Structures are given as C-alpha cells and as structure tokens.
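Keep the viewer open as you read.

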Amino acid sequence: MTTVLIDWLGRGGIAQCTEAWARELRAPGHDVVIVTRAGRELEADDLTTVGADGCGRLGAHAAIVAAAAREIRARRPTWVVVQNYVVPALERPVYRAARDVGARVAIVVHDDRLHTWRAGTHVGLAGELRRADEVIAHTHHVADRVQARVGRSVRVIEHPIQVGMLRTPPIEPTLDMGDAFVAAHFGVLRRRYKGTKIVEELVGRVPRWSVITLGVGAPASRPGLVSVPGWVEAGALVGAVANSDAVLLPYQHATQSGAVVLAQALGAVPVVSAVGGIPEQVTDGVDGILIPAGAGLDAWAGALEQLSDDERRKELIDAGRERVWSAHERFVCAVVELVR
C-alpha cells in the first residue's frame with residue numbers, strides 16, 4: 001500500500017505536520033511518498049520526497065501540481081493526502097489523477113480561512129471537499145466551519161508533534177540574560193495576527209523575565225530582548241524553545257497552533273490567546289495559560305508573574321508534556337487506521 005502526501009510549501013507548520021504523517025505511517029511499514037516544493041525542509045535523506053519548482057509562486061505551484069499528478073499516475077497509490085490548499089482551481093489535476101487511478105483522497109484542512117491574501121484562495125475548494133473520501137481537521141473549530149460551508153462530515157484528528165524537528169540536534173541560543181526567565185515568541189512575525197507588538201511591550205515589564213523573538217520580522221534586539229531575525233532553522237528553533245520557560249502567542253486569530261504543540265513537547269509553558277481552536281489545545285491553568293481575546297498588557301504580564309514560581313511552572317510543564325504526547329499517540333492511531 002502506498003500513500004502520496006502533497007505539501008504545497010515544503011516548510012513551516014503544515015510541512016511539519018506532513019512530515020509527522022510520513023514518519024508515523026512509515027514506522028509500521030507503509031510506503032509513503034511526499035511531493036513538495038524543491039529545496040526545502042521536507043527533503044530529508046530518510047524520506048522519499050519528490051521536489052518540484054518553477055518561476056515565481058504560481059509557477060512553483062503549477063510545477064508541484066504537475067509532479068504530484070505524475071507520481072499518482074505512476075505509483076497508483078491507495079491514498080492521496082493533500083495538506084491544505086493554495087489555489088484550488090490550479091490543483092484540480094491532482095484530484096483528477098487520483099480519481100483516474102482509483103486512489104482514495106483525503107484533504108487535511110489546516111485553515112478554514114487563510115491568514116493573509118498572499119497565502120492563496122479557497123475559491124474552488126468546496127467542490128473538492130465534497131468529492132473527497134475524507135476531510136480532516138485538527139480542531140473542531142475548523143471542522144465545524146468547513147462542515148457548515150460544504151455540508152459534509154469532517155473528521156477531527158489531533159495535531160501531531162513535530163517529530164521531524166525533534167530529530168534535529170538542538171542548537172542552544174547564545175543568550176546573555178543572567179538568571180532571568182526566558183519567554184520565546186516565534187514564527188513569521190511580520191504578520192500582524194501574531195501579536196508581536198504585545199510581546200515587545202512586555203519587555204522589561206515583568207521582573208526577572210527576558211524575551212527571545214525568532215523569525216521573519218523579529219524586532220531589533222535591545223536590553224531584555226534577544227532577536228533572531230529571518231528564517232530560523234529547525235535546530236535553532238528547537239534549541240530556543242527547549243531553553244525557554246514560556247512561549248508567548250498573543251494571536252489575534254488562529255485555527256490551531258503548532259507553536260502550542262512544540263512548546264508543550266519541549267517543556268515550555270504556552271501563554272496564548274483564547275481564540276479560534278486554541279482552547280481545544282490548552283486547558284487554562286492546567287497545561288498552559290489562556291489569555292482572553294483582546295486582553296490588555298496586564299493580563300500577559302500577570303501570566304508571566306504567575307510562572308515566576310518554579311513549582312507552579314513545573315506543574316504546567318509536566319501536564320503539557322503529558323497532554324501533547326497523549327494527543328500524538330491518538331494522531332498516530334488515527335492516521336494508521338485511516339490508510340489501513
């Protein structure tokens with residue numbers, strides 16, 4: 001039995017989920033092929049990956065579509081799993097190839113709404129969702145909205161741990177913060193919905209806490225703030241989160257968050273806005289701290305003050321690790337059973 005996994009971008013949170021699918025399906029002996037953007041992080045030595053690229057964003061996307069259709073027709077897989085969408089109208093040859101060879105199709109909808117207009121469009125997606133054999137989401141928040149839009153059932157499978165990233169040797173950040181606690185904030189920080197402004201305003205506000213920001217659009221370093229700007233390699237991100245006491249995620253909106261999963265897996269307490277599907281990933285005061293949507297700076301500062309207590313912080317870290325690994329075990333059971 002063969003599964004073809006299609007990942008349109010080849011890096012970032014969705015790609016990390018794709019890698020989890022690939023590694024966990026390979027473990028019991030399933031044959032897995034990933035089709036993705038060439039030259040990105042999914043091209044690991046121990047994964048079977050077909051890379052494609054082209055001129056510009058649309059050219060690259062069209063090249064991935066063509067490569068995926070070729071692989072489906074050549075390999076005649078049992079399942080084709082499409083991770084999210086970019087321009088559904090251009091992606092139709094993938095679904096046509098799957099139908100022609102009798103493959104079953106699963107579409108994993110990570111975003112019921114795209115975060116920015118540059119990320120693509122959902123125009124043309126509804127028809128493919130109705131025709132798919134399975135539609136999957138990682139939160140009920142997304143599943144409910146997709147179901148309302150297209151009128152079909154959506155299976156919820158919990159967000160996996162980024163097992164590929166955890167295989168990467170961590171690179172410890174060079175921090176000159178003395179004995180301060182460290183709060184990390186990471187991602188594509190130039191996007192407004194990430195809430196980086198709140199994090200900047202927290203710098204220096206809570207005694208014994210310093211901040212590290214990592215990613216494209218990270219603000220400039222200053223006393224109490226260490227900045228790692230640009231695209232951050234997996235090892236550097238793993239090292240930074242593993243050496244942090246908390247992860248700050250002041251989202252304006254969210255479907256779900258791989259950053260929450262990574263924080264819990266690596267022993268940092270997620271402090272995160274209670275928006276979208278986030279409350280399905282964090283139980284407030286048990287395995288993380290939820291901040292009400294739109295709350296001011298005092299609420300975020302109060303959360304860090306609470307985490308200054310070593311015993312309290314350890315309780316939340318231990319509960320977070322237990323929660324996220326239990327969820328990952330359920331993810332593995334679900335995807336293995338799906339393709340079986």
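The structure holds one cavity of 30 Å³ or more. A cavity here is a set of points, on a 1 Å grid over the protein atoms alone, where a 1.4 Å probe fits but cannot get out; points are joined across faces, edges and corners, and the volume is the space filled by probe spheres set on them. Keep in mind that this is a predicted model, where local features need pLDDT of at least 70 and side-chain atom pairs pLDDT 80 or more, while totals for chains, interfaces and linings use all residues. Residues are numbered from 1 along each chain as its sequence is written, and side-chain values use heavy atoms, with hydrogens and water left out.

The largest cavity has about 30 Å³ of space. Its lining (residues with an atom within 4 Å of a point) is made up of L202, V203, G204, W209, S210, V211, G224 and L304. Strand β9 gives the most, with three residues; strands are DSSP runs of E, at least two residues long, and helices are runs of H or I, at least four, numbered from the N terminus.

Next, the second largest pocket, with about 310 Å³ of space. A pocket is an open set with protein on both sides within 12 Å along at least five of seven lines. It has 19 lining residues, and R192, G195, I198, P250 and Q252 are the closest to its centre. Helix α7 (residues 196–202) gives the most to this lining, with three residues.

Now the rings. Phe, Tyr and Trp (its six-membered ring) pair if their centres lie within 6.5 Å; planes under 30 degrees apart are stacked, over 60 edge-to-face, and the rest tilted. That rule gives three aromatic pairs. One of them is W21 with F331, edge-to-face at 6.0 Å centre to centre and 80° between the planes. W21 lies in helix α1 (residues 13–26) and F331 in helix α11 (residues 310–339), so the pair ties together parts 310 residues apart in sequence.

The rings of F181 and W209 have centres 5.1 Å apart and planes at 40°, so this pair is tilted. F181 sits in strand β8 (residues 181–186) and W209 in strand β9 (residues 209–215).
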